[in-house]
Structures are given as structure tokens and as C-alpha cells.
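Subject: Handing over a structure, with notes on what was found

Dear colleague,

Please find below the structure that I would like to hand over to you.

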Amino acid sequence: MFDEWWVWVAAGLALGIVELLVPGFLFAGFAIGAVLTGAIIGLGIPGSGWMNVTPVNALLVFAVLSVVAWLSMRAIVGVRHGQVKRIDRDINDN
């Protein structure tokens, strides 16, 4: 199952839909990693034949691509500063 390109792309699309429901770029890196893994397998890029030998190889590529995608998005989008609301007084204080 891990050697089929469409399984990876479908998983990436499902994770993309989950990302739309959960804010904060939690699943976007995984979605991009899954789609890229499916693209590598589907296009038959030279040197990618070892990914089909065992599922662990494909999962390793998926994990590395997901981390790279997440770090890239973090660098492009950045960390949002000033979104934490600081409360200086308690509403129960008179």
C-alpha cells in the first residue's frame, strides 16, 4: 500500500482538509510531505526505487519531507508575534 503514489496523494489531500479545520499549520507540513512522497513515487524519479522495497523507506522519506516542509513554511510565514493577550487585571478585582 505504501508503494502506491495515489495513496500518498490521497493522504496528503485528507491532511490538507484536516488543516483547514484545525488552525495553526499543524497538518500542513504532513500534507505537503505526503503529496511530495506520492509525486516522487509516481514520477519514478531516478533513485527512488528503494522507496518501494519496504514501507519503512517510504515513511522515512515522508518524515524528512514533512519536517523540511514544516520548517520552510515556518520560515516563510513566520512566527506571529503579539497574538497572546496579556491580562493585567482580574475581572473580579474591584
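Helices (H or I, at least four residues) and strands (E, at least two) are DSSP runs, numbered from the N terminus. A69, for example, lies in helix α3.

Before you read on, please keep in mind that this is a predicted model, in which local features need pLDDT of at least 70 and side-chain atom pairs count only at pLDDT 80 or more, while totals for chains, interfaces and linings use all residues. Residues are numbered from 1 along each chain as its sequence is written, and side-chain values use heavy atoms, with hydrogens and water left out.

The chain as a whole

The protein chain has three helices and zero strands, and along the sequence its pattern reads α-α-α. Its C-alpha atoms fill a box of roughly 70 × 20 × 20 Å along the principal axes. The radius of gyration of the protein chain (taken over C-alpha atoms, with a globule rule of 2.2 Å times the number of residues to the power 0.38) is 19 Å, whereas a compact globule of 94 residues would have a value near 12 Å.

The accessible surface (from the Shrake-Rupley method with a 1.4 Å probe, where for residues only the protein chains shown count as cover) comes to about 7000 Å² for the protein chain, and 69% of this belongs to carbon and sulfur atoms. Of the 94 residues, 22% count as buried, where buried means under 20% relative accessible area, exposed means over 50%, and partly exposed lies in between (1.4 Å probe, protein chains only). If we take the contacts (heavy atoms within 4.5 Å) in the protein chain that have a separation of 6 or more, 61% of them are between residues 24 or more positions apart.

Just after α2, G44 takes a positive phi of about 65 degrees.

The aromatic rings

How many aromatic pairs does a search of the whole structure find? The search finds two, with the rule that rings of Phe, Tyr and Trp (its six-membered ring) pair if their centres lie within 6.5 Å, planes under 30 degrees apart counting as stacked, over 60 as edge-to-face and the rest as tilted. The rings of W8 and F62 have centres 5.3 Å apart and planes at 40 degrees, so this pair is tilted. Because W8 lies in helix α1 (residues 5–21) and F62 in helix α3 (residues 55–77), the pair ties together parts that are 54 residues apart in sequence. The rings of F30 and F62 have centres 6.3 Å apart and planes at 35 degrees, so this pair is tilted. It links distant parts of the chain, with F30 in helix α2 (residues 28–43) and F62 in helix α3, 32 residues apart. F62 is buried, with a relative accessible area of 17%, while F30, at 40%, counts as partly exposed. W8, F30 and F62 form one aromatic cluster.

The nonpolar core

A nonpolar core is a set of buried Ala, Val, Leu, Ile, Met, Phe, Trp, Tyr and Cys residues joined through side-chain atoms within 4.5 Å. The largest one has seven residues in all, namely W8, A34, I41, M51, A58, V61 and F62. Helices α2 and α3 each supply at least two residues of this core, and its largest share, three residues, comes from α3. Leaving out residues up to four places away in sequence, A34 touches W8, V9, A11, G12 and F62.

E19 lies in helix α1 and counts as buried at 14% relative accessibility; apart from its neighbours within four places in sequence, E19 is in contact with G24, F25, L26, F27 and A28. N57 lies in helix α3 and is buried, with a relative accessible area of 19%; with the neighbours within four places in sequence left aside, N57 is in contact with W50 and M51. A69 is buried, with a relative accessible area of 9%, and it touches G29 and I32, not counting residues up to four places away in sequence.

With best wishes
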